[in-house]
Amino acid sequence: MNIDWAALGSVFGVSLVATVGLVTLFTLGITGLSKQEAAAAQGGSAVLARTGAYACFALCAAAVAYGIYLIVV
Amino acid sequence: MEHITLLLAIVIVTALVFDFTNGFHDTANAMATTISTGAMKPKAAVAMSAVLNLVGAFLSVEVAKTISSGLVQEDGIQPEVIFAALVGAILWNLLTWLVGLPSSSSHALMGGLIGATIASIGVSGVNGGVVVTKVLIPALAAPLVAGIAAFLAARLTYKLGRNVGEKSSEKGYRAGQIASAGLVSLAHGTNDAQKTMGIITLALVAGGALAPGSNPPVWVIVSAGLAIALGTYLGGWRIIRTMGKGLTDLQPQQGFAAQTSAAAVILASSNLGFSLSTTHSCSGAVMGAGLGRKGGVVRWSTATRMFMAWGLTLPAAGLVAAGAEFVARQGDWGIAVVAVFLIGSCAAIWFVSRRQVVDHNNVNEPEEPAAEEPAGVVTTAMAAVTPPPAGAASEEPAVAAVPAQTGPVPESARQAKATV
């Protein structure tokens, strides 16, 4: 019997980092959009917040694309 | 398609039935949180999941070359052993669906294979070490890994997103949930439809209709993909309800955290060489995310029932499969008896399920309060199964674990008695 603790450990590590990282990015993206909306409501605009939000979402989309790549290959 | 004997045809049909139950058993994994948080309408959610399962079935060319990952000896495995294993796995899938508990379809299949192999060539055919490393440890690890990740992620998203406006939050988390649920569906189609293709291919090779080592014919790929997609589309609403509403109450933030964690764990585990069950990961993620909100609770009674079902999966499917194998190898009439037993039990379970229908209309409503007189049911079951035939014996623990459910035992026990 040979339990591959290293593989299990890396699954744990990778899952944890990926989940927390992605959720953080996504939440930051939503926060940015929300700021932009609030600013727009007052007639202004928050370019930085909006750009940051889009950057976050782009990274999330890249992660999803990488996930699909992992499934296909 | 020449040389397909009747037995082989039966095995193929049974494998597709298993694929179908696999599909509707596992819809919950991908879609339960999406449905319960209202990110998608129930019907739309299962339709999307079905399409992605179908796509997933065609995506990967690497078909599972083994069906049990070294769990049992597959050299010279007889078609009737595969048949018996499938019978055990299908019945366990249907029974857990009836009581609305998520449990791993792969484990059911593995249990079935172990039981059928033991009945066929003895304990020597089973690799005990692999049972621990591929089944027991992953079953403990998966919910922990996914749960911890989902817990932290849910905590974080509440903390970081506390100033987010209502509108952007609702829109954002909905999109996030749909994306991660889609990923889970796709991965499921690739993994699980391939498993069925592997089984059918193995049976074709065993029956001499295909040369050893050949890839599955196109009709196998198409039918396996369609079976799992159809199962997914019909939706195991009972299990979706348990996962989405029964285990804990989820808000969109939590649903997103749970679904992302599940997708990450599934992809990481299948690519880093330590495969974890989709079902176990998803259930763990849901519970972790449930605890991740301030004041969030996990309904431990439901969780305990689920854990018990996980523990019983292997022995229960194994016992049914062993009984089925014992009867099936008596010859043609034995196989006929097992086939009739399978059809009869499926019909019985379906009739019992009609007593309390769960479908897309009431999937988000809370569970009915527990049914009455559990003690009486168990007693009746005991009476019905003495002397216990192999097939019925395994159905007993399921009821012991879930005393709230009435019905299935007396009926299926009677079935077993009549046929075995």
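User: Is G213(B) buried or exposed, and what is its relative accessible area?
Analyst: In this predicted model, local features need pLDDT of at least 70 and side-chain atom pairs count only at pLDDT 80 or more, whereas totals for chains, interfaces and linings use all residues. G213(B) lies in the loop between α6 (166-206) and α7 (218-234) of chain B; helices (H or I, at least four residues) and strands (E, at least two) are DSSP runs numbered from the N terminus. Buried means under 20% relative accessible area, exposed over 50% and partly exposed in between, with a 1.4 Å probe and protein chains only. G213(B) therefore counts as exposed, its relative accessible area being 64%.

User: What distance separates the C-alpha atoms of G213(B) and L202(B)?
Analyst: Residues are numbered from 1 along each chain as its sequence is written, chains are lettered from A and ligands numbered from 1 in the order in which they are written, and side-chain values use heavy atoms, leaving out hydrogens and water. Along the chain, G213(B) and L202(B) are 11 residues apart, and the separation of their C-alpha atoms is 9.0 Å.

User: How many helices does the secondary structure of chain B contain?
Analyst: Chain B has 420 residues, of which buried residues make up 59%. Among its contacts (heavy atoms within 4.5 Å) between residues at least 6 apart in sequence, 87% join residues at least 24 apart. The secondary structure of chain B has zero strands, and its helices number 16.

User: Which residue forms a polar contact with the side chain of T21(B)?
Analyst: T21(B) is placed in helix α1 (residues 6-36) of chain B and counts as buried because its relative accessibility is 2%. Beyond residues up to four places away in sequence, T21(B) touches I90(B), N93(B) and L94(B). A polar contact is a pair of N or O atoms within 3.5 Å; within protein, one must be able to donate a hydrogen and the other to accept it, and residues adjacent in sequence count only if both atoms are side-chain atoms. At 3.2 Å, the side chain of T21(B) has such a contact with that of N93(B).

User: At what angle do helix α1 of chain A and helix α9 of chain B pack?
Analyst: On α1(A), residues including V11(A), L22(A) and F26(A) meet a set in α9(B) that includes F256(B), A264(B) and S269(B). Axes are lines fitted to C-alpha atoms, for helices over the stretch in contact, and angles run from 0 to 180 degrees between N-to-C directions. Helix α1 (residues 5-41) of chain A and helix α9 (residues 252-271) of chain B have axes 9 Å apart and pack at an angle of about 145°.

User: Which residues of chain A are in contact with F274(B), leaving aside neighbours within four places in sequence?
Analyst: F274(B) lies in the loop between α9 and α10 (278-292) of chain B, and its relative accessible area of 6% is why F274(B) counts as buried. Within chain B, F274(B) is in contact with T133(B), I137(B), P138(B) and S269(B). From chain A, the contacts of F274(B) are D4(A), A7(A), L8(A) and V11(A).

User: Why is the pair F307(B) and W310(B) described as it is, and what is the description?
Analyst: Rings of Phe, Tyr and Trp (its six-membered ring) pair if their centres lie within 6.5 Å; planes under 30 degrees apart count as stacked, over 60 as edge-to-face and the rest as tilted. Over all chains, this rule gives nine aromatic pairs. With centres 5.3 Å apart and planes at 80°, the rings of F307(B) and W310(B) are therefore edge-to-face.

User: Is W310(B) buried or exposed?
Analyst: F307(B) and W310(B) lie three residues apart, about one turn, in helix α11 (residues 300-328) of chain B. At 35% relative accessibility, F307(B) counts as partly exposed. W310(B) has a relative accessible area of 9%, so this residue is buried.

User: Which residues does S353(B) contact, leaving aside neighbours within four places in sequence?
Analyst: S353(B) is found in helix α12 (residues 332-354) of chain B. Its relative accessible area is 4%, so S353(B) is buried. Apart from the sequence neighbours set aside, S353(B) is in contact with W97(B), L98(B) and R238(B).
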